[in-house]
Amino acid sequence: MAIKLVEDGPETQSTHQRRRGERRLDFGTAWEYAPAPERPDHVRLRDRYGLFINGRWVSPESGKFFKTINPATEEPIAEIAEGSEADVERAVAAARQAYESVWSKMRPLERGKYVYRIARAIQERARELAVVESMDGGKPIKESRDFDVPTTAAHFFYNAGWADKLSYAFPGRAVRPLGVAGQIIPWNFPLLMAAWKIAPALACGNTVVLKPAETTPLTALLLAEIIREAELPPGVVNIVTGAGATGAALVNHPDVDKIAFTGSTAVGKLIQRALAGTGKRMTMELGGKAANIVFADAPLDQAVEGIINGIFFNQGHVCCAGSRLLVEEGIHDVLVAKLRDRMATLRVGDPLDKNTDIGAINSREQLERIEQLVQVGEDEGAERYTAPCPLPEKGFFFSPTIFTGVAQSHAIAREEIFGPVLSVLTFRTESEAVERANNTFYGLSAGIWSNKGARLFKLATQLEAGVVWANTYNKFDPSSAFGGYKESGFGREGGRHGLLPYLVVE
Ligand code: ADP
């Protein structure tokens with residue numbers, strides 16, 4: 001890492017500094033890092049992946065494959081099987097057979113050991129999983145390496161611990177597994193979402209058929225390898241790749257007992273309609289439009305880091321991203337100025353570079369959606385600032401962008417953008433902050449920044465959001481439950497509550 005000191009040029013030095021003959025570090029422009037790319041040469045990927053059914057790799061019945069591409073280079077990485085109804089049928093049959101004959105009969109302590117073994121194997125292959133996650137999905141390696149993969153392992157460890165202690169989780173009640181769980185996950189946290197789904201299901205004694213997102217199937221397929229190496233009984237975990245039609249086949253399969261879905265509110269509604277009246281259980285983790293509320297008494301520099309982390313890291317590809325910044329009127333200008341300064345230092349680019357803050361947007365389609373909504377923001381009259389970050393020539397990238405002068409009625413204050421775009425609104429009183437924060441169809445998460453503990457606790461109970469962070473943002477732990485209010489969905493994942501969707505409690 002090379003740090004450049006700005007030594008001359010009266011325009012870059014304050015009069016005070018010049019008089020004292022000091023040099024100053026110009027944080028806005030002077031930091032220059034040598035490229036520090038994580039090497040992908042240790043990664044063992046195949047050219048083509050089949051479906052993982054009944055403990056084996058099998059070809060899709062249709063013989064069809066699609067390419068998964070690296071969004072930072074637009075190059076194909078591997079060919080992925082397109083699962084059809086017939087493949088889903090095979091997978092569900094394998095899951096049912098494994099459920100009836102082995103998994104539901106196994107002593108919970110033994111089940112827990114298998115889940116624990118998966119966690120250990122994830123740790124052993126952590127570096128490879130992180131690199132593949134960044135190659136396939138576009139997220140910066142520091143996110144996949146420091147957050148996604150360790151948290152994935154932590155979820156398996158945590159749930160392994162519950163396997164033989166379920167009677168303590170629900171004292172005085174008898175619990176039993178549901179059967180076969182169909183699980184459909186999105187592209188923003190491909191491996192972590194697989195863990196959120198698979199780990200509690202297995203610990204509670206269910207078997208699963210998982211469908212990863214079509215743009216990010218690779219780490220789920222590496223997880224299939226891990227599951228095979230961990231010698232789980234065949235059929236306990238099945239992974240069927242494909243797009244929406246494959247997911248719909250899983251939803252509509254009559255022998256699936258439960259659907260767990262994470263994805264867009266629009267698809268979540270389709271699935272709820274399809275499941276209505278079938279008696280199948282379901283949990284939905286859908287979109288969000290989180291409010292990050294900053295009071296004048298907040299530690300502002302800390303808040304700036306939290307706001308930046310909440311919306312820009314991970315390209316804003318987070319359902320709980322703090323995409324609406326509610327600022328107490330008196331500090332609006334100073335906070336926005338600090339944000340703009342910090343935004344100008346963010347590095348957008350190669351996801352495999354360890355210095356990258358904002359990687360690639362997951363797909364061309366998603367990039368176009370972001371561009372379109374940003375255009376709507378401008379057309380509606382909000383003031384746009386896009387940080388002058390140099391962008392790579394190839395690949396799907398978007399510079400961090402902030403809109404000020406946003407009204408509650410603007411599309412950018414209401415719709416989920418799922419990109420590095422922040423909308424700033426103001427408030428004058430506590431009750432106005434709560435009213436504005438809750439004025440949304442969504443309710444997944446919220447943040448509050450203030451130095452008054454009493455205010456934090458009071459507001460936390462008034463905000464209609466499944467998770468409320470206080471003086472921090474985007475903190476996760478397998479032992480705390482995550483889930484939504486309103487159109488952000490229902491059911492909880494993580495913690496003791498996250499076991500409930502996979503159990504019949506009598
Ligand atoms: P996102 O906005 O995160 O891309 P989607 O809701 O489009 O969310 O996708 C989330 C997951 O749902 C993906 O695995 C996708 O293939 C799957 N999916 C899309 N359409 C359907 C559908 N009609 N039925 C079931 N699953 C679907």
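Visitor: Which residue in β7 is the bridge partner of I69?

Guide: The bridge partner of I69 in β7 is P76. This is a predicted model, in which local features need pLDDT of at least 70 and side-chain atom pairs count only at pLDDT 80 or more, while totals for chains, interfaces and linings use all residues. Residues are numbered from 1 along each chain as its sequence is written, and side-chain values use heavy atoms, with hydrogens and water left out.

Visitor: What makes β6 and β7 a pair of strands?

Guide: Strands are DSSP runs (E, at least two residues), as helices are (H or I, at least four), both numbered from the N terminus. Two strands pair if DSSP finds at least two bridges between them. Six bridges join β6 to β7, so the two count as paired, and they run antiparallel. They form a hairpin with four residues between them, and E74 in the turn has a positive phi of about 65°.

Visitor: How do you know that β3 and β7 pair as well?

Guide: β3 and β7 (residues 75–81) are joined over two bridges, in the parallel sense. In β7, Y49 has I80 as its bridge partner, and R48 stands opposite E79.

Visitor: Why are β3 and β6 said to stand at the edges?

Guide: The three strands form an open sheet in the order β3-β7-β6, with mixed pairing. β3 (48–49) and β6 (65–70) each have a single partner strand, so one side of each is left without a neighbour in the sheet. Helix α4 (residues 126–137) lies across β6 and β7, and runs at about 100° to β6.

Visitor: Why is D148 called buried?

Guide: Buried means under 20% relative accessible area, exposed means over 50%, and partly exposed lies in between (1.4 Å probe, protein chains only). D148 has a relative accessible area of 0%, so D148 is buried. D148 belongs to helix α5 (residues 141–162). Leaving aside residues up to four places away in sequence, D148 touches E133, K139, E143, F189 and L192, where contact means heavy atoms within 4.5 Å.

Visitor: What joins the side chains of D148 and K139?

Guide: A polar contact of 2.6 Å joins them. The term requires a pair of N or O atoms within 3.5 Å; within protein, one must be able to donate a hydrogen and the other to accept it, and residues adjacent in sequence count only if both atoms are side-chain atoms.

Visitor: How do you know whether E225 and D301 are buried or exposed?

Guide: E225, in helix α8 (residues 218–229), has a relative accessible area of 12% and is therefore buried. Not counting residues up to four places away in sequence, E225 touches R46, Y49, W57 and R125. D301, found in helix α11, has a relative accessible area of 51% and is therefore exposed.

Visitor: What angle do α11 and α12 make, and what is that arrangement called?

Guide: The axes of α11 (residues 300–311) and α12 (residues 332–343) come within 10 Å and cross at roughly 55°. That makes α11 oblique to α12, because angles under 35 degrees count as roughly parallel, over 145 as roughly antiparallel, 65 to 115 as roughly perpendicular and the rest as oblique. Axes are lines fitted to C-alpha atoms, for helices over the stretch in contact, with angles from 0 to 180 degrees between N-to-C directions. Among the residues that meet are L300, D301 and V304 in α11, and V334, L335 and K338 in α12.
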